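Dear colleague,

I am passing on a structure that I would like you to look over before we discuss it. The model comes first, and my notes on it follow below.

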Amino acid sequence: MKAFFALVILACAAAPALSGRTLDRCSLAREMSNLGVPRDQLDKWTCIAQHESDYRTWVVGPANSDGSNDYGIFQINDLYWCQADGRFSYNECGLSCNALLTDDITNSVRCAQKVLSQQGWGAWAVWHYCSGWLPSIDECF
């Protein structure tokens, strides 16, 4: 019985680490800047993250019409960009989709940059919210 309680306590302690985190516009902009993302792109990335995941790193979107799902703060698709368990994927980013759900956004940022380089901003269905005037991110720095 003691082993059971120890396991329950360990699981509860690990739960926050497994649940991901929610950023805000400025914390995302600063982290992306620290990862080398050009500053003139940060307003677009923060807009995409707001509309795709509400800045949450742990979000897995509902099934798309083709049965695929989108993962993480930028909602990156598992058919093309990451490998979900037991599903075919082109896995262009060479990552497990679970790597896009962690507190560390490095994998999400690198994969999103790859999506951008291959498909442009229009790869995100929410781009129409982000393609016009956006508020400056200067207040974040």
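**Core, pocket and loops**

In this predicted model, the largest nonpolar core has 39 residues, and those with the most contacts inside it are Leu28, Met32, Trp45, Ile48, Phe74 and Trp124. The elements that contribute two or more residues to this core are helix 2 (25–34), helix 3 (42–53), helix 4 (106–119) and helix 5 (127–130).

Of the 141 residues in the chain, 41% are buried. When contacts between residues at least 6 apart in sequence are considered, 52% of them join residues at least 24 apart.

The largest pocket holds about 280 Å³ of space. Its lining is made up of 16 residues, of which Asp70, Gln75, Asn77, Ala123 and Trp124 are the closest to the centre of the pocket, while strand 2 (76–77) and helix 4 are the elements that give two or more residues to that lining. Sorted by class, the lining comprises 8 nonpolar, 5 polar and 3 charged residues. Trp124 therefore deserves a look from both sides, being listed among the residues with the most contacts inside the largest nonpolar core and also among those closest to the centre of the largest pocket, where the cut-off for a buried residue, as every core member must be, is under 20% relative accessible area.

Gln75 sits in the loop between strand 1 (70–71) and strand 2, and its phi is near 50°, a positive value in a residue other than glycine. Gln75 has a relative accessible area of 9%, so it counts as buried, the cut-off being under 20%. Asn77, which lies in strand 2, is likewise classed as buried because its relative accessibility is 13%. Not counting residues up to four places away in sequence, Asn77 touches Asn64, Ser68, Asn69, Asp70 and Cys82; the C-alpha atoms of Asn77 and Asn64, which are 13 residues apart along the chain, are separated by 9.2 Å. Ala123, by contrast, is partly exposed, with a relative accessible area of 32%, and is placed in the loop between helix 4 and helix 5. Between the C-alpha atoms of Ala123 and Ala112, 11 residues apart along the chain, the separation is 9.8 Å.

A positive phi is also found at Asn91, where the value is about 45° although the residue is not a glycine. Asn91 belongs to the loop between strand 2 and helix 4, and at 21% relative accessibility Asn91 counts as partly exposed.

Finally, a word on annotation. UniProt, in an unreviewed entry, lists residues 93–111 under "domain: Glycosyl hydrolases family 22 (GH22)". In the model, the end C-alpha atoms of residues 93–111 lie 6 Å apart, and the span is 32% helix and 0% strand.

With best regards

Key: Residues numbered from 1 in each chain as written. Predicted model: local features only at pLDDT ≥ 70, side-chain atom pairs only at ≥ 80, totals over all residues. Heavy atoms only, no water. Core = buried A, V, L, I, M, F, W, Y, C linked by side-chain atoms within 4.5 Å. Buried < 20%, exposed > 50% of the residue type's maximum accessible area, 1.4 Å probe, protein only. Helix = DSSP H or I, 4+ residues; strand = E, 2+ residues; numbered from the N terminus. 1 Å grid on protein atoms, 1.4 Å probe; cavity = no way out; pocket = protein on both sides within 12 Å on 5 of 7 lines; lining within 4 Å. Points joined across faces, edges and corners; volume = space filled by probe spheres on them. Nonpolar A, V, L, I, M, F, W, Y, C, P; charged D, E, K, R; others polar. UniProt positions renumbered as here; feature names shortened; annotations may be inferred. Contact = heavy atoms within 4.5 Å.
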